[in-house]
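Work through these exercises with the structure open beside you. Try each task before you read its solution.

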Amino acid sequence: MDKMNTGIAERIKNTGKTAFSFEVLPPLKGTGIEDLWKTIDTLMVYDPLYINITTHRSEYRYEDAGEGLWRRRWTKRRPGTVAVAAAIKNRYGVTPVPHIVCSGCTKEETEYALLDLQYLGITDLLVLRGDKAQHQRAFMPEPGGWAHALDLQGQIERFNKGLFEDGSAMAHKPEVTFSYGVACYPEKHEEAPNMQADLYWLARKVEAGAQYAVTQLFYDNARYFDFVRRAREAGIGVPILPGIKPLRRKAQLTVIPQTFKVDIPRELARQIDACRDDKEAEQVGVDWCIRQCRELMEQGVPSIHFYAMGAAESIARVAKVIYQKQ
């Protein structure tokens with residue numbers, strides 16, 4: 001009999017408290033994994049239900065070839081998502097959730113990644129389209145790759161049924177199937193024409209098999225609550241997990257809106273702008289994040305997901321306050 005993976009969504013329901021999770025990046029190529037362990041060690045005390053590991057596409061890099069010439073190389077700055085997921089599972093015994101993306105990947109490469117993950121017993125995924133390459137004006141799939149997360153979900157669902165992308169059947173149908181979540185955007189994906197279109201595609205992803213959705217980071221809880229309300233009205237019933245990242249530097253007042261296409265609330269912007277230095281800004285960011293999380297918990301969110309890149313110490317300060325009485 002096939003074993004069904006209960007998945008992150010089901011485990012969140014069974015925790016009996018607001019679950020804690022966070023996302024990390026694989027180390028930069030050649031830098032070693034020690035800094036990643038420090039980040040995880042800092043946050044492990046708060047009993048994460050799972051740890052997400054991002055996937056980064058290859059990009060063009062230009063190297064000096066001498067004599068005034070430059071050589072263009074196609075390279076990945078942060079390789080090793082599958083390996084890092086396995087290392088986290090072995091080292092900490094925590095459920096790893098690697099990102100599986102369309103960006104920079106062919107269907108065949110995705111298939112091999114799924115096989116590797118299956119062998120490793122890693123069956124929880126976050127399925128994303130991913131970012132466009134730096135040299136692209138608009139997202140373009142790799143030749144032989146997928147253009148949309150929904151298409152990538154289809155490949156995973158076929159894999160779960162024991163079918164390869166060439167249509168051939170596996171000699172042994174997977175005993176444990178992959179379970180996965182997807183991304184969502186309380187302030188609308190930058191490429192969506194409107195929120196209605198964004199919600200339509202989220203509904204399609206859920207219909208295709210997504211068991212939960214994790215939001216882009218946000219700083220205004222009203223945006224999240226309104227998004228959840230509209231999603232429920234659209235018939236989307238899966239858990240919608242808030243994604244949170246505390247501000248840490250004054251410069252992030254402009255960098256974060258530009259990078260993630262999200263708004264900074266006027267009051268938070270005023271407080272950060274009044275800070276004399278980044279140390280004061282970090283404290284403001286922690287205090288704001290604590291208030292955000294407390295309100296989310298009061299409204300019964302099943303889990304809070306933190307984006308840990310460059311923010312592990314701030315997240316630990318937040319978690320110490322909001323999770324200590326659970």
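## Exercise 1: A residue in a strand

Gln216 sits in strand β8 (residues 212–217). Strands (E, at least two residues) and helices (H or I, at least four) are DSSP runs, numbered from the N terminus. The model is predicted: local features need pLDDT of at least 70, side-chain atom pairs count only at pLDDT 80 or more, and totals for chains, interfaces and linings use all residues. Residues are numbered from 1 along each chain as its sequence is written, and side-chain values use heavy atoms, with hydrogens and water left out.

Task: Decide whether Gln216 is buried or exposed.

Solution. Start with the cut-offs: buried means under 20% relative accessible area, exposed over 50%, partly exposed in between (1.4 Å probe, protein chains only). Gln216 has a relative accessible area of 19%, so Gln216 is buried. Next, look at what surrounds this residue. Contact means heavy atoms within 4.5 Å. Leaving aside neighbours within four places in sequence, Gln216 is in contact with Cys184, Tyr185, Pro186, Gly243, Phe260, Val262 and Tyr307.

## Exercise 2: The chain as a whole

Task: State how many helices and strands the protein chain has.

Solution. Count the elements: eleven helices and ten strands. Then check burial: of the 326 residues in the protein chain, 50% are buried. Last, take contacts between residues at least 6 apart in sequence: 75% of them join residues at least 24 apart.

## Exercise 3: Two helix pairs

Task: Find how the axes of α3 and α4 are oriented.

Solution. Axes are lines fitted to C-alpha atoms, for helices over the stretch in contact, and angles run from 0 to 180 degrees between N-to-C directions. Angles under 35 degrees count as roughly parallel, over 145 as roughly antiparallel, 65 to 115 as roughly perpendicular and the rest as oblique. The axes of helix α3 (residues 81–92) and helix α4 (residues 107–120) come within 10 Å and cross at roughly 10°. The two helices are therefore roughly parallel to each other. Val82, Ala86 and Lys89 of α3 make the contact with Asp116, Leu117 and Leu120 of α4. These residues divide into four nonpolar, no polar and two charged. The classes are nonpolar (Ala, Val, Leu, Ile, Met, Phe, Trp, Tyr, Cys and Pro), charged (Asp, Glu, Lys and Arg) and polar (the others, Gly among them).

Solution. On the α6 side, Met195, Gln196, Leu199 and Leu202 take part; they meet Phe227, Arg230 and Ala231 in α7. The contact residues of this pair divide into five nonpolar, one polar and one charged.

## Exercise 4: Residues in loops

Solution. Relative accessibility is 64%, so Asp166 counts as exposed. Asp166 and Lys107 are 59 residues apart in sequence and 9.8 Å apart in space, C-alpha to C-alpha.

Solution. Most residues other than glycine have a negative phi. Lys261 has a positive phi, near 55°. This residue lies in the loop between α8 (252–260) and α9 (266–273). Lys261 is partly exposed, with a relative accessible area of 39%. Asp47 also has a positive phi, near 55°. Asp47 is found in the loop between α2 (34–44) and β2 (50–53).
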